[in-house]
Amino acid sequence: MHLRSHISRIITKRYPVFLMAGWTLLIAISMVFTLYAEHKSNLQEAMVEARTYFELNRAYRQWGAKLGGVYASADKVAPNPYLMVPDRDVQTTDGKSLTLVNPAYMTKMVFEMVEKSSPLPVISKIRSLNSINPSNVPDTWERAMLTAFEQGGQEASEITTLGGRPYLRILKPFITEAGCLRCHGIQGYKVGDIRGGISIAVPLQPYIDSERKQMTIVLLTHLLLWLVGSGGLFVFVRIKTRQDRQLSESEWKFRTLSESATAWEFWLDEKFQIIYMSPSSRDLTGYSPEEFTGEQNLLEQVIHPEDREQWTGHIVDFRSPQHDELQFRIKGKDGEVRWISHVCSPVFNGKVFLGRRSSNRDITRQRHLEEQLRQAQKMEAIGTLAGGVAHDFNNILTAIIGYGNLLQRKIGVEDPLRTHVDVILSSADKAAHLTQTLLTFSRKQVMHPQAVDANAIVRNIEKLLLRLIGEDIELETVLSPDDLVIMADCGQIEQVLMNLATNARDAMPDGGRLTISTERVEYYSNILASPPAPKPGSYALISVSDTGKGIEKADLEKIFEPFFTTKEVGRGTGLGLAISYGIIQQHGGCINVYSEPEQGTVFRIYLPLITKQADALPVVNLEQPQTGTEAILVAEDNADVRRLISTVLEGAGYTVVEAVDGEDAVRRLHDFGGVIDLLVLDAIMPKKSGKEALDEISLTNPGIKVLFLSGYNADFIYQKGFIDHAADFLSKPVSPNKLLKKVREILDRLPDTA
């Protein structure tokens, strides 16, 4: 059964109530209208009376003003103390004293006589915002109306209580005429000015008494009419009710189920017109059912523009019962986008096709959770990959740094090739910092901050940046003359600068200028042109600006998101700025960007200043390596690293036994004819790890000294249980001098402190 028929039956069932309510409402409206008309007529009559008194009052005053006032005997009239004219008091030739009675004074005395003689007097007052007589000072309502007259108002009225009786009071402006200037010219008035207003109050009690009599007649008349009409309706309703008593139970169930459902339900007929829309449409779309049924195109407009074609294709096969679940987006009235799960089925009454019923669920949260899961899985995979790459890269860097150091020892300080070797070692050191950054990204490695001057960090990385950006880009550094001491991990801040310089280089394919500047800034508020903004305080500001092609406004909002990049495939991973943002946040600072297309880009890094003295930056250790004659077993699965460690140790006088993995280390130690003084073991090796090899060797050589090496950081190695926290450990890459120093330190350690 159609929903319209269901609604029609409900209305039919209750129509007796509607008829009685309608008849009662009609009588009530008629009665109220009649009473209102009577009341309005009485008020109009009172208003006519008040206006008549006003005109008489004004005419009387105009007459007096035209004559210049009237002189009366001073014995009969007291002089007006507020009348300041030279000839107010005069004497006649026969010596009789006269005083000038001006129109206002005259009118005042007349109405005072009326008030004394009449139980319901008409009250007349003159009011002015610039009054001379205190009795003419207006009350609050009169003052507001007089102000309105000066802005163009012509009349004001109110019903009020005066002397405990109801009055209708009107106030109309009083215009200055030529005759008025004799007395009021000293107040600065000119002809045509509004000098004030005349207030007329007429008593309402006679009108109220008349209105009460009319109200009684109206009420009795309408009551009689209502009783007669109600009796006729009662007879009619009894006859009609017998014909419309039954309701459709199936229609009632449908209404109950549909309107109480949390899902968004709607029906479309064979012409795709909406014949029913559930109230839950308001929760999902913001539009009411009436808005959908009133504007049939609204349903299609709610569908997200990118999904409308999918929706249109879905409803083409309208009568088919085979419809899979459809997921699409809608754009609500508030502009919010939601994901909807849509299922529908055709409805038939026998062979008659009635339309299509649709049920829709909000799955926005489910979609977001699925997206978060995919993102988390992707981040976990990237983190695992980054950790593995860093481990392998550290092995490579160990060989580069180790052999570079060996080469550095062979070349004199004055040798022209010494500069090239120094640059190789410096670059390898920066690459080692890069691997630490990857480990930070994958495992949130703890920083190692120290007090350092921000200017020193820029100076330390300047040469490397020159080689990084290329010869066609000019590098300019503008450093603050002040000491900018910050608490920072130098390697990580240098990595941020390298990331920004790399991006700047890619933004200037035809060359340009890269400027790095430092300055001290005091920040007082959180309002900044390029958010995010730092907290109030003292900061070292490092600005990195370029003259490149800039960044589109739409991309600026996503510039620090992981995996977001504007570079073509193969030119960037989208991790650089995300890592940089995280590093600066870990330092308690802030990084923001400002850019316009074709106008270049500037990144601003705010790092909190501290009052501590800056520590010296690490320098290359040039002291002579320590030597020895002990026997050392080296177990390392990377052939290049194993050969390097052996070369360094043998060059320092040690006897070296090499093993390719943990299992080989156990075998080589047993095959060796002498005593092994120290084990140098890679923590993670095939067949047996370093710890597993040590445990087996300790069964026959208890207390043997050991040094663990690994391309992973110490936090990861300890967490995974590859070695104990008390064991000696070096992270790769490790320089020959550092290795020899650590080896000597362990060998010289007394057994009871091992």
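Modeller: Helices (H or I, at least four residues) and strands (E, at least two) are DSSP runs, numbered from the N terminus. On that basis the protein chain has 22 helices and 24 strands. This is a predicted model, in which local features need pLDDT of at least 70 and side-chain atom pairs count only at pLDDT 80 or more, while totals for chains, interfaces and linings use all residues. Residues are numbered from 1 along each chain as its sequence is written, and side-chain values use heavy atoms, with hydrogens and water left out.

First, the charged pairs. The whole structure holds 30 salt bridges (a side-chain nitrogen of Lys or Arg within 4 Å of a carboxyl oxygen of Asp or Glu). One of them joins Arg169 to Asp139, at 3.1 Å from N to O. Arg169 belongs to strand 6 (residues 165-175) and Asp139 to the loop between strand 4 (123-127) and helix 4 (140-150), so this bridge ties together parts that are 30 residues apart in sequence. Arg169 is buried, its relative accessible area being 7%, whereas Asp139, at 31%, is partly exposed (buried is under 20% relative accessible area, exposed over 50%, partly exposed in between, with a 1.4 Å probe and protein chains only). Both residues also belong to a salt-bridge network that links Arg127, Asp139, Glu142, Glu158 and Arg169.

Another arginine, Arg643, has two partners to describe. With Glu650 its closest N and O atoms are 3.3 Å apart. With Glu658 the N to O distance is 2.5 Å. Glu658 is in strand 21 (residues 655-659) and Arg643 in helix 18 (residues 639-651), so the pair connects parts that are 15 residues apart in sequence. Arg643 is partly exposed at 35% relative accessibility, and Glu650 is partly exposed at 39%.

Now the rest of the chain. Of the 754 residues in the protein chain, 42% are buried. Its accessible surface is about 41400 Å², and carbon and sulfur atoms account for 55% of that (Shrake-Rupley method, 1.4 Å probe; for residues, only the protein chains shown count as cover). Where contacts (heavy atoms within 4.5 Å) join residues at least 6 apart in sequence, 66% of them join residues at least 24 apart.

Helix 14 (residues 454-469) packs with helix 15 (residues 490-507) at about 30°, the axes being 10 Å apart (axes are lines fitted to C-alpha atoms over the stretch in contact, and angles run from 0 to 180 degrees between N-to-C directions). The residues that make this contact include Ile461, Leu464 and Leu468 of helix 14 and Leu497, Met498 and Ala501 of helix 15. By class, the residues of the contact are eleven nonpolar, two polar and two charged (nonpolar: Ala, Val, Leu, Ile, Met, Phe, Trp, Tyr, Cys and Pro; charged: Asp, Glu, Lys and Arg; polar: the others, Gly among them). Glu494 and Arg505, both of helix 15, are among the contact residues.

Glu598, which is not a glycine, has a positive phi near 65°; Glu598 sits in the loop between strand 18 (590-595) and strand 19 (601-608) and is exposed at 62% relative accessibility. Lys687, likewise not a glycine, has a positive phi of about 70°. Lys687 is in the loop between strand 22 (678-682) and helix 20 (690-700), and at 64% relative accessibility Lys687 is exposed.
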